[in-house]
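Dear colleague,

Please find below the structure that I am passing on to you. My notes on what was found in it follow directly after.

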Amino acid sequence: MTELAAECDVLVIGAGAAGLSAAYEAAADGNRVVVIDANARPGGQYHRRGVKDPPYFPAGTTDAQRWANIATYMGWQAYAADLDGDLVVVRLRGDERHRNDLHAVSTRVLVVATGAVDRQLAIPGWQRPGVMAGGGAQSLIKGSGVLPGRRTLVTGTGPFLLAVTAAIVQAGGEVAAVIEANQPRRLIRHAAQLMPTGLMKSGEALKFAAILARHRIPYLTGHRVTEIHGAEDDAAVASAVVHRVDEQWRPIEGSARTFEVDCVTLGFGFTAQLDLLMQLDCEAVQSADGGLAVCVDDNQMTSVPRVLAAGETTGVGGVDLAAVEGRIAGIQACHLLRTDGQRTQPDSKVMTGLYRRRGHLRRFAKALALSFPTPTAWVAEQTGDTMVCRCEEVSLTTVLEARDDLGATDARAIKLLTRAGMGWCQGRMCSYTVEGLCPGPTSVASQKAAANRPIGVPIPLGAVAKQGRA
Ligand SMILES: Cc1cc2nc3c(=O)[nH]c(=O)nc-3n(C[C@H](O)[C@H](O)[C@H](O)COP(=O)(O)OP(=O)(O)OC[C@H]3O[C@@H](n4cnc5c(N)ncnc54)[C@H](O)[C@@H]3O)c2cc1C
């Protein structure tokens with residue numbers, strides 16, 4: 001078993017842009033910093049590396065001595081966190097190589113930078129082999145050098161669809177079309193909020209436009225994938241039907257088009273991974289994209305003392321924002337340890353620059369979220385056999401019966417009555433659909449209840465037994 005520290009000054013969960021930036025800053029005073037990540041290699045989602053790629057270090061983090069003071073443990077998943085006096089205790093489970101190993105780390109300051117997962121919506125046929133999240137396709141390419149399919153239809157909403165498309169074609173795959181459910185011209189309504197970050201990002205947008213043009217990939221806006229078919233029941237994807245849609249994403253009759261593809265990617269934004277923060281009872285808020293985010297103050301501190309959060313956990317905002325928030329969280333972690341927990345503001349030229357940059361990036365993220373909304377009323381209007389929860393095979397009819405006949409009013413009640421969200425992924429894939437099927441607007445309380453998993457990932461019984469014997 002890997003020798004893991006039992007105690008540290010700063011524990012960072014997540015080795016993406018936010019977590020590693022936080023760790024680097026937190027190590028400035030010679031603090032004992034430990035970074036934990038479930039992946040095999042540091043980098044998180046955006047900077048995911050294959051086995052042969054050089055390791056990822058956030059830009060500007062060049063002090064080798066500081067990195068030498070940071071202990072990074074890959075292949076460990078944090079599944080629970082609780083407070084123990086002035087310490088935070090985080091419980092870890094090993095990955096496939098040592099899956100029966102459990103471990104606990106006590107820390108004086110915890111930084112949670114666990115990122116996000118793709119947000120999915122149930123569509124008839126989305127349980128077929130060959131349908132995957134856009135991020136899943138990207139992870140296959142970046143992490144393993146494997147194409148998701150021979151000919152892929154990239155669907156959903158937001159600029160991320162273009163990143164997925166670029167990844168596929170650059171890896172030698174074919175993209176049949178990009179199906180964007182919104183009208184990107186909505187960006188104009190938010191032009192003021194998009195600046196100045198939008199100017200810097202325009203180069204990226206041009207790069208994506210050039211890729212679409214060079215590979216002659218149609219980019220259909222105001223269209224949505226409505227059905228995914230295989231050659232027979234339970235067979236892999238063979239084709240997908242796409243409709244033109246109205247503002248609420250309802251299909252317009254007579255506008256159906258069929259694409260012959262063996263892979264469909266779905267991507268409707270991202271959902272922050274908040275398991276640990278919800279277990280610690282941190283305050284949360286609904287962000288502009290309708291998802292739940294943890295509340296943080298100017299210095300990335302949550303409502304729970306000594307618990308900080310950075311990156312997508314505070315609201316989905318992209319990799320540059322994640323890195324800036326990580327730096328602020330790391331600087332604040334140092335400051336907390338120096339001043340023994342007093343909530344004073346670090347005040348320096350560096351901080352002013354970081355706050356300003358974070359402000360610009362947050363405004364940009366909010367404008368993007370408002371330009372690419374994800375309505376859900378149409379989900380209930382699909383065929384009754386549409387699978388809502390793929391893990392537990394719960395159909396749309398079953399969920400609607402729980403709502404309409406049994407009186408379920410929130411996602412938790414639907415889960416208890418139907419098992420939707422009780423399977424292997426613990427609702428990570430179906431919770432947005434289920435929330436959308438609940439009567440009335442989604443409340444922070446019900447989103448918190450759905451995100452609060454007392455144990456973040458399944459623990460093998462062998463691991464529990466081993467603990468008992470120790
Ligand atoms: C699937 C996916 C693909 C994306 N692709 C793009 C893209 O192409 N372009 C773009 O601009 N943006 C992309 N984004 C958004 C971008 O990844 C984020 O903005 C950026 O990576 C956020 O950095 P972060 O440090 O907050 O989180 P991440 O980079 O997601 O890092 C979080 C890390 O935490 C680890 N982790 C999570 N939970 C635990 C736990 N319980 N225990 C241990 N470790 C844990 C994860 O393994 C991960 O390495 C993508 C996001 C996702 C979810």
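A cavity here is a set of grid points where a 1.4 Å probe fits but cannot get out. Please bear in mind that the model is a predicted one.

By that rule, two cavities of 30 Å³ or more are counted. The largest cavity holds about 280 Å³ of space. It is lined by 21 residues, and those closest to its centre are Thr-271, Ala-272, Ser-431, Glu-435 and Ala-451. Strand β16 (270-272) and the helices α12 and α13 (444-451) each supply at least two residues of this lining. By class, the lining of the largest cavity comprises eight nonpolar, eight polar and five charged residues. Domain 1 (7-117 + 271-343) and domain 3 (377-439) each contribute at least three residues to it.

The second largest cavity has a volume of about 140 Å³. Of its 13 lining residues, Lys-415, Ala-420, Gly-421, Ser-431 and Ala-450 are the closest to the centre. The elements that give two or more residues to the lining of the second largest cavity are α11, α12 and α13, and α11 gives the most, with three. Six nonpolar, four polar and three charged residues make up this lining.

Turning to the open spaces, the second largest pocket contains about 490 Å³ of space. Among the 21 residues that line this pocket, Pro-124, Gly-125, Glu-227, Thr-383 and Asp-385 are the closest to its centre. Strand β12 (residues 223-230) provides the largest share of the lining, five residues. The lining of the second largest pocket divides into six nonpolar, eight polar and seven charged residues. The pocket lies between domain 2 (122-267) and domain 3 (377-439), because both of them give residues to its lining.

Finally, I would draw your attention to helix α10 (residues 396-404), in which Leu-396, Val-399, Leu-400 and Ala-402 are buried. These four cover an arc of only 155° around the axis, which puts them on the same side of α10. In general, an α-helix has 3.6 residues a turn, so residues three or four places apart point the same way. The buried residues of α10 pack against the strands β20 (387-389) and β21 (394-395) and against the helices α11 (411-418) and α12 (431-437).

With kind regards

Notes:
Residues are numbered from 1 along each chain as its sequence is written. This is a predicted model: local features need pLDDT of at least 70, side-chain atom pairs count only at pLDDT 80 or more; totals for chains, interfaces and linings use all residues. Side-chain values use heavy atoms; hydrogens and water are left out. Buried means under 20% relative accessible area, exposed over 50%, partly exposed in between (1.4 Å probe, protein chains only). The arc is that of the directions from the helix axis to the C-beta atoms. Contact means heavy atoms within 4.5 Å. On a 1 Å grid over the protein atoms alone, a cavity is a set of points where a 1.4 Å probe fits but cannot get out, and a pocket is an open set with protein on both sides within 12 Å along at least five of seven lines; lining residues have an atom within 4 Å of a point. Grid points are joined across faces, edges and corners, and a volume is the space filled by probe spheres set on the points. Ala, Val, Leu, Ile, Met, Phe, Trp, Tyr, Cys and Pro count as nonpolar, Asp, Glu, Lys and Arg as charged, and the others, Gly among them, as polar. Domain bounds come from an automatic or database domain assignment.
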